[in-house]
Amino acid sequence: MNEPLTQEPSTPLGDLLGILDLERIEQDIFRGVSRPSMVPRVFGGQVAAQALVAAGRTVPADRIPHSLHSYFLRPGDPEVPIVYTVDRIRDGRSFTTRRVVAVQHGQPVFHLSASFQTDEEGLEHQEPMPSAPDPETLPTAAEMLPRHAHRFADPLLLDRLLEARAAVDLRYVDEPPYGDFGAPREPKSQVWFRTNGKLDDAPAPDRLWGDPLLHICLATYVSDMTLLDSVLLAHGRGGWAVGDVVGASLDHAMWFHRPFRADDWLLYDQESPTSQSGRGLARGRIFTRTGQLAISVIQEGVVRVPRG
């Protein structure tokens, strides 16, 4: 049985950590539950983070994820648990590979492959961090979202948005798609984010709390929240909140380059190079506040204009 969570379970962050703290059913089989989402399906970032938790709990503690590649196969049902089965594909001297399938109602809803590596010295270079205002100068979600609630297609969406993002302090550098739409903008977006509370690094026996995997899984969770915004900006669309597009994530890939903490500010710099055939591609770079390139992200999603 796992040690107690590192946050009080009554807090939004404690609730999120509880969602990531999967139940082990068998050696390589885990079960997770879902938290409220903005749409009537499981949030993609949640299932990706839970799948990475499952993979990480079958890997030696001295190996951390360096990449993941995943596909969203079917909408997840938030009312029933998700079962994650882990295949131990390879255990090498430096790298470990795991494949995870998430199943609901007897069908796969998500597939993830993740690779883990031991710490190793090597050649280093990186892109410079782009300029961005300090996160403390930007409005919080609680300050920004009510200003745009009159544009939302569903009057209950404001409360759902605030609840879904309560565990994460996420701040837009510029107006989000639903805040300023109608005319195309440059397909670029920036947000700062961190967990809404500090994380305790006390170790626990079932390998999540108190090591880099926790921070990586939390960043994976957040990485799906805003990445397709840049696709919407290119076409002057407000997004799912205002109902002028429909869509969903198709796939999601991440590369973890350097250490970071999810409870310290991270800059998520996002852009969209193309959209076509009802799909949009977005890519992102996540930097620490000190300028270290921590993560690269690429995602393709369905982005369709509703039919009359």
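**View 1. A salt bridge joins E175 and R147 in this predicted model.** The side chains of E175 and R147 meet at 3.8 Å, N to O. A salt bridge here is a side-chain nitrogen of Lys or Arg within 4 Å of a carboxyl oxygen of Asp or Glu. E175 sits in the loop between β7 and β8, and R147 in helix α3 (residues 141-148), so the pair ties together parts that are 28 residues apart in sequence. Helices (H or I, at least four residues) and strands (E, at least two) are DSSP runs, numbered from the N terminus. E175 is partly exposed at 32% relative accessibility. R147 is partly exposed too, at 44%. Buried means under 20% relative accessible area, exposed over 50%, and partly exposed in between (1.4 Å probe, protein chains only). Side chains of opposite charge can pair when their charged atoms come close. By this rule the count comes to 19 salt bridges.

Residues are numbered from 1 along each chain as its sequence is written, and side-chain values use heavy atoms, with hydrogens and water left out. Because the model is predicted, local features need pLDDT of at least 70, side-chain atom pairs count only at pLDDT 80 or more, and totals for chains, interfaces and linings use all residues.

**View 2. R194 and D169 link strands β8 and β7.** Their side chains meet in a salt bridge at 4.0 Å, N to O. R194 lies in β8 and D169 in β7, so the contact ties together parts that are 25 residues apart in sequence. R194 is partly exposed, at 26% relative accessibility. D169 is buried, at 8%.

**View 3. R279 and E300 form a salt bridge.** The N to O distance is 2.9 Å. R279 belongs to strand β11 and E300 to strand β12, 21 residues apart. R279 counts as partly exposed at 31% relative accessibility. E300 counts as buried at 17%.

**View 4. Four charged residues are joined in a network of salt bridges.** The members are K198, R261, D263 and D264.

**View 5. An open sheet is built from 12 strands.** Their order is β1-β2-β4-β5-β6-β3-β9-β12-β11-β10-β8-β7, and the pairing is antiparallel. The edge strands are β1 (23-26) and β7 (168-172), each pairing on one side only. Two strands pair if DSSP finds at least two bridges between them. Neighbouring strands of this sheet are turned by 25° against each other on average, direction ignored. Axes are lines fitted to C-alpha atoms, for helices over the stretch in contact, and angles run from 0 to 180 degrees between N-to-C directions.

**View 6. Strands β5 and β6 pair in the antiparallel sense.** β5 covers residues 95-104 and β6 covers residues 107-118. They share 10 bridges. F95 has Q117 in β6 as its bridge partner. H105 lies in the loop between the two strands. H105 has a positive phi of about 50°, although it is not a glycine. Most residues other than glycine have a negative phi. H105 is exposed, at 60% relative accessibility.

**View 7. S277 lies in the loop between β10 and β11 (279-288).** Phi of S277 is near 55°, a positive value in a residue other than glycine. S277 is exposed, with a relative accessible area of 65%.

**View 8. F72 and F110 form a tilted aromatic pair.** By this rule the count comes to 4 aromatic pairs. Rings of Phe, Tyr and Trp (its six-membered ring) pair if their centres lie within 6.5 Å; planes under 30 degrees apart count as stacked, over 60 as edge-to-face and the rest as tilted. The centres of F72 and F110 are 5.1 Å apart, with 50° between the planes. F72 is in strand β3 and F110 in strand β6, 38 residues apart. F72 is buried, with a relative accessible area of 16%. F110 is buried, at 0%.

**View 9. F193 and Y268 form an edge-to-face pair.** The rings lie 6.2 Å centre to centre, with 70° between the planes. F193 is in strand β8 and Y268 in strand β10, 75 residues apart. F193 is buried at 2% relative accessible area, and Y268 is buried at 0%.
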